[in-house]
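Hi there,

Here is the structure I said I would pass on to you. Have a look at it first, and my notes on what turned up follow below.

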Amino acid sequence: MIDIPASVLFEGDAAGEVLVLDEPLSFWGGVDRESGVIIDVHHPQQGQVVTGKVVVMAIGRGSSSSSSVFAELIRLSIAPAAVVLTEFDHILVLGAIVGNLLYKRRCPFVRIDPADAARLATGQRATIDAAGLHATGLD
């Protein structure tokens, strides 16, 4: 297990398989609200499922409605286990906060250095806690 320093954007503990996104993702119109599948036909990871994953991306893309969609994914228990960003995204973090307030479910958000994000790969296992991000299989 390798430790990666992280800034906590929204606290919580989570574990799951890593899903690295090659491009930013809009949760509004980019993720199916019933299945958690990436449906944006222009996204490189179209067809991948975000549910229960530790989703790694630079930042979200698009509409401020992404926060309400993200909260809805939390309500339906099909949200990511956690989200790892390299840039702060207040819209997505707001969705996690609202999801916790309304539905008492947490989806932690952390921010890491882009060089550390480049070390992560889809399929690895990762955990998020107050001490940061911990991943297996890093070089």
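**Salt bridges**

Glu72 and Arg75 both sit in helix H2, 3 residues apart, which is about one turn of the helix. Their side chains meet in a salt bridge, with 2.7 Å from N to O. Glu72 is partly exposed, at a relative accessible area of 24%, and Arg75 is partly exposed too, at 37%. Before you go further, please keep in mind that this is a predicted model.

Is Asp40 buried or exposed? Asp40 has a relative accessibility of 9%, so it counts as buried. Arg61, on the other hand, is partly exposed, with a relative accessible area of 37%.

Arg119 and Asp116 form a salt bridge as well, and here the closest N and O atoms are 3.5 Å apart. Asp116 has a relative accessible area of 16%, and therefore falls on the buried side, because buried means under 20%. Arg119 comes out as partly exposed, at 28%.

**The nonpolar cores**

Which residues touch the most other members of the largest nonpolar core? They are Phe27, Met57, Phe70 and Phe109, out of the 23 residues in that core. Strand S4 (54-57), helix H2 (66-75), strand S5 (82-85) and helix H3 (90-103) each supply at least two of the core's residues. The largest share, 4 residues, comes from H2.

Setting aside residues up to four places away in sequence, Phe27 touches Val50, Met57, Ser66, Val69, Phe70, Leu73, Pro80 and Leu92. A second, separate core has 17 residues, including Ala14, Ala81, Leu120 and Ala135.

**Around Thr127**

Thr127 belongs to strand S7, which covers residues 125-129. Which residues is Thr127 in contact with, leaving aside its neighbours within four places in sequence? The contacts are Ala14, Ala15, Gly132, Leu133 and His134. Ala15 is worth a click: Thr127 and Ala15 are 112 residues apart in sequence, yet their C-alpha atoms are 4.1 Å apart in space. Thr127 has a relative accessibility of 26%, so it counts as partly exposed. Ala14, one of the contacts of Thr127, is also a member of the second core.

Leu94 itself is partly exposed, with a relative accessible area of 43%.

Best wishes

How values were computed: Residues numbered from 1 in each chain as written. Predicted model: local features only at pLDDT ≥ 70, side-chain atom pairs only at ≥ 80, totals over all residues. Heavy atoms only, no water. Core = buried A, V, L, I, M, F, W, Y, C linked by side-chain atoms within 4.5 Å. Buried < 20%, exposed > 50% of the residue type's maximum accessible area, 1.4 Å probe, protein only. Contact = heavy atoms within 4.5 Å. Salt bridge = Lys/Arg side-chain N within 4 Å of Asp/Glu carboxyl O.
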